[in-house]
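Me: I would like to learn how to read the features of a protein model. May we begin with helices and how they cross?

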Amino acid sequence: MSTVSDDATVPETPAFPGRRWLLPSAVIHEFDPDTRRPGRRPRRTARDWIVDFSCFLIAVLVGLVGADAVTSNPNVPHALAVFDQWLGALACAAIWLRRRWPVGLAVATVPVGMVSDTAGGACMIALFTLAVHRPFRYVAWVGGINLALLPVYFWLRPDPELTFGLAVAIFLLLTAAVVGWGLLVRSQRQLMLSLRDRARRAETEARLRAEQAQRLAREAIAREMHDVLAHRLTLLSVHAGALEFRPDAPHEEVARAAGVIRESAHEALQDLREIIGVLRTGDSDDAGRPQPTLAALDMLVAESREAGMKVTLDSRVTDADTVPASVGRTAYRIAQECLTNARKHVPGAEVTVSVSGAPGEGLTMSVRNPPPDGEVPHVPGSGQGLIGLTERATLAGGRLEHGPEANGGFGVRAWLPWR
């Protein structure tokens, strides 16, 4: 059975599948970058063909009305009327180029509209196309020139049925309506594209949040397993090593070491079972035993002493039960990790654990050990434990520092808020 890797890239669903023919090619071009053809314009959709044919038909109908008007106008010579009609026919044919060269077509229709009544419909459609496909600055320039030339046009070619002022006013309103309609269509397309971009950004942010949550969950699980199991397994290692190097030890010591090994193995299995249970249920509050807090620090020290460590506990916290659970749990994990590290790296050295604090002042904690006596076998380690402690303290709102001390030993110092 084949499996799909978690890192495999899932192909993006095409925009508006099955309804692409209802959208303009320019919108699909923005929605789906895969349809872009370098150096070539997007293919017309069925909607584009319908709209382009409709625009061509409107330009032809308006041109026929204009041709009839210019023919019946006694102020226009016959040769000029024929030229007007031919020029209007060419302008109507140029409508099919409006998507490719909207600016050029709109600019070209400005002088054409001054000498041809038949090209009036094509000029309006060219101005509408410019408003749809290009920014407002282009529309402002071309539309402004058209509006400025209207009085000149009707002064040179007065309308036989309308007065000069009325004709100028009607065509001013008509031009403004065409430009406004084009700007409305453009704004609707931009709104659609912005909503699509926002939806894509929201999907990306949701995916990133999910990945971050998974990463944080993995880090929390790794910290918990390291803090819990490393302590137990170190006890197992210490007592198993003692049995290995002292096979002639008294029966009582062998029995005590075997008991500690058995108890540590049982505790490690219990802790591992709890962590797995949390992973399965997804709820860490209602499953397993209560998490240790600062009140359990005495038990941790006693357990380390039973394993043969020399541990001195200096606790100046008046009532450990009043320490907030999250702060106490963090302090317990710090002490547990430091004792585990001391047991591995400086066996036999005396470790001093100091805890002090009060509400409003915070909880101060330090774990120190002197340098080892003589050579100590190298114990491999990645330093993840101290990194995890620093993250724990930071998440609790405190801080943690660690490093060598002046006497050659090693110390861990932490401060946690206690409100």
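Reply: Helices (H or I, at least four residues) and strands (E, at least two) are DSSP runs, numbered from the N terminus. Axes are lines fitted to C-alpha atoms, for helices over the stretch in contact, and angles run from 0 to 180 degrees between N-to-C directions. This is a predicted model, in which local features need pLDDT of at least 70 and side-chain atom pairs count only at pLDDT 80 or more, while totals for chains, interfaces and linings use all residues. Residues are numbered from 1 along each chain as its sequence is written, and side-chain values use heavy atoms, without hydrogens and water.

Me: At what angle do the axes of α2 and α5 cross?

Reply: The axes of α2 (residues 46-72) and α5 (residues 120-133) cross at roughly 145 degrees and come within 7 Å. Contact means heavy atoms within 4.5 Å. Here C55, I58, A59 and V62 of α2 meet G120, G121, A122 and I125 of α5.

Me: How many residues of this contact are nonpolar, polar and charged?

Reply: Ala, Val, Leu, Ile, Met, Phe, Trp, Tyr, Cys and Pro count as nonpolar, Asp, Glu, Lys and Arg as charged, and the others, Gly among them, as polar. The contact of α2 with α5 has six nonpolar residues, two polar and no charged.

Me: How do β1 and β2 pair, parallel or antiparallel?

Reply: Two strands pair if DSSP finds at least two bridges between them. Strands β1 (residues 310-316) and β2 (residues 350-358) are parallel, with seven bridges. A crossover is right-handed if, with the strands pointing away from the viewer, the path from the first strand over the helix to the second runs clockwise. From β1 the chain passes through α10 (residues 325-345) to β2, and this β-α-β crossover is left-handed.

Me: Which residues have the most contacts inside the largest nonpolar core?

Reply: A nonpolar core is a set of buried Ala, Val, Leu, Ile, Met, Phe, Trp, Tyr and Cys residues joined through side-chain atoms within 4.5 Å. The largest has 33 residues, and L294, I334, V353, V355 and L363 have the most contacts inside it. Helix α10 gives the most to this core, with eight residues. Another core lies apart from it, with eleven residues, including A59 and A122.

Terms used
Buried < 20%, exposed > 50% of the residue type's maximum accessible area, 1.4 Å probe, protein only.
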